[in-house]
Amino acid sequence: MKIAVAGTGYVGLVSGVCLAAKGHDVICVDLDQEKVDKINRGEPPIYEIGLEALLKDNIGKRLRASTDLREAVIASDLSLIAVGTPFDGSAIDVSFIRQVAREIGFALRERDEYHMVVVKSTVVPGTTDDVVLPILERESNKKAGVHFGVGMNPEFLREGDAISDFMNPDRIVVGGNDEKARDMLAAVYAPFEGVEIVRTNPKTAEMIKYAANSLLATLISFSNEIGNLCASIGEIDAQEVMRGVHLDKRFSPIMADGTRVSPSSNTYLEAGCGFGGSCFPKDVKALIAHGKRHGRDMALLDAVVSVNAEQPAKMIELLDKHIANRKGVKVAVLGLAFKPGTDDMRESPAIPVVQTLAEEGAIIQAFDPIAVDEARHTFSGLDIHYAPSMAAALDGVEAILLMTRWDEFAGLPALVSSMDSPPVVIDGRRMLAKDSVPRYEGIGL
Ligand SMILES: NC(=O)c1ccc[n+]([C@@H]2O[C@H](COP(=O)([O-])OP(=O)(O)OC[C@H]3O[C@@H](n4cnc5c(N)ncnc54)[C@H](O)[C@@H]3O)[C@@H](O)[C@H]2O)c1
């Protein structure tokens with residue numbers, strides 16, 4: 001199928017590259033000429049494991065990038081909308097979606113064959129039917145369901161595992177207003193054999209994405225509330241508590257041969273320094289706001305957000321126990337990205353922690369395996385020493401704050417043990433054993 005993808009961020013670029021790898025002819029479109037040029041040179045503008053190799057394999061063959069959405073739509077059977085939908089404090093900002101819908105609609109005037117328009121961005125229920133569809137009809141002077149189809153296909157990829165998630169989906173949600181639209185959208189995923197497909201209407205498809213992210217965020221805030229209580233009571237380790245919870249056979253089923261299955265959902269049932277990223281915080285807040293507009297008070301999700309907002313400060317509280325005055329004190333911050341495997345720092349718990357330390361006059365020695373360029377941008381104006389390695393970040397420090405669960409941080413105890421005066425290690429992800437360093441603090445301990 002010939003596919004145009006509007007937006008070459010995490011979702012648009014990964015979708016475009018993977019769909020080309022699966023045999024479709026794809027044109028990735030972005031306003032940003034620099035991104036487009038990079039993509040055409042085979043250089044991914046974002047970091048994702050496996051993205052560069054897959055891009056290089058496909059660019060110039062079944063994949064190309066362009067700034068011309070009109071030309072891409074006219075040449076395609078289906079358009080995917082994958083532009084950003086930031087939360088503006090009261091609702092998602094759909095101005096990028098509107099702009100793209102206007103351009104696609106206008107281009108449809110010049111396309112004689114049926115064309116399918118699919119929203120892949122995360123949008124609140126009703127957006128595809130009530131915002132996108134009317135714009136397309138108005139701009140094209142054509143009728144949805146007759147001359148073109150409209151659909152919604154939420155994306156579930158996780159940053160850091162984006163290529164692998166897209167290539168091996170656990171489910172595909174095909175939201176369409178009629179059978180023809182659903183069939184055409186399902187055909188995009190025909191090369192992904194054996195994957196369960198949820199065929200539904202656009203509103204339900206939109207809601208599935210919010211329900212899924214809100215549930216995962218709820219598990220995290222639940223675990224953090226339990227962890228904070230464990231720490232307050234004393235002599236309880238939240239990690240042991242949650243292990244006891246995980247072993248419930250409804251969370252970790254016991255198979256007929258007696259072996260245990262430990263689903264990855266259990267990794268959301270762990271105490272830590274909070275969730276971040278471009279999706280969970282934004283999506284939960286957007287669903288709360290949308291729910292309130294529909295007369296629901298959304299008390300549970302409100303609490304999920306407020307528990308999470310307090311969580312990074314727990315790292316500072318633990319530091320307080322050891323070093324009350326941080327002025328002029330060297331502190332290492334390990335991990336700046338919101339999760340391992342990505343350079344994305346949007347809403348990373350490291351941001352408020354670094355800002356607090358900077359305000360207090362601490363000397364910050366930060367290290368992240370790949371997010372340093374992003375960090376320089378995020379923390380522009382702050383005096384931060386970016387260390388070239390984990391070992392270099394530890395030079396002379398009195399405390400180490402571990403903010404991201406990067407695999408290589410498992411080597412931290414060996415480095416700490418070789419230091420003359422061991423710093424306190426504050427483990428925001430509970431990834432180190434408690435006795436692996438002389439002075440250990442962890443969330444929920
Ligand atoms: N990042 C994730 O992990 C993830 C996962 C699932 C769903 N989503 C959702 O997917 C959507 C996109 O997220 P993202 O992280 O890829 O966003 P992003 O901000 O990384 O990328 C958006 C891209 O769209 C481009 N753009 C904006 N207006 C345009 C226009 N008129 N024409 C062409 N290009 C335009 C921007 O230049 C940018 O490159 C959001 O709704 C997000 O919530 C994101």
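How far apart do the C-alpha centres of domain 1 and domain 2 lie? They lie 31 Å apart, in a predicted model whose local features need pLDDT of at least 70, whose side-chain atom pairs count only at pLDDT 80 or more, and whose totals for chains, interfaces and linings use all residues. Residues are numbered from 1 along each chain as its sequence is written.

Begin by colouring the domains: domain 1 covers 2-200, domain 2 covers 212-309 and domain 3 covers 311-442, with bounds that come from an automatic or database domain assignment. Select next the contacts between domain 1 and domain 2, where nine residues of domain 1 meet eight residues of domain 2, a contact being a pair of C-beta atoms, placed from the backbone, within 7 Å. On the domain 1 side, six of these residues are nonpolar, two polar and one charged; Ala, Val, Leu, Ile, Met, Phe, Trp, Tyr, Cys and Pro count as nonpolar, Asp, Glu, Lys and Arg as charged, and the others, Gly among them, as polar.

Now show the open sheet of eight strands, which has the order β3-β2-β1-β4-β5-β6-β7-β8 with mixed pairing; strands (E, at least two residues) and helices (H or I, at least four) are DSSP runs numbered from the N terminus, and two strands pair if DSSP finds at least two bridges between them. At its edges stand β3 (63-66) and β8 (197-200), each with a single partner strand, so one side of each is left without a neighbour in the sheet. Strand β1 (residues 2-6) pairs with strand β4 (residues 78-81) in the parallel sense over four bridges, and there Ile-3 stands opposite Leu-78 in β4.

Finish at Val-17 in helix α1, which is buried, with 33 other C-beta atoms within 10 Å (20 or more is buried, 12 or fewer exposed, and in between partly exposed). Leaving aside residues up to four places away in sequence, Val-17 touches Leu-51, Leu-54, Leu-55, Asn-58 and Leu-63.

Methods:
Two residues are in contact if their C-beta atoms, placed from the backbone, lie within 7 Å.
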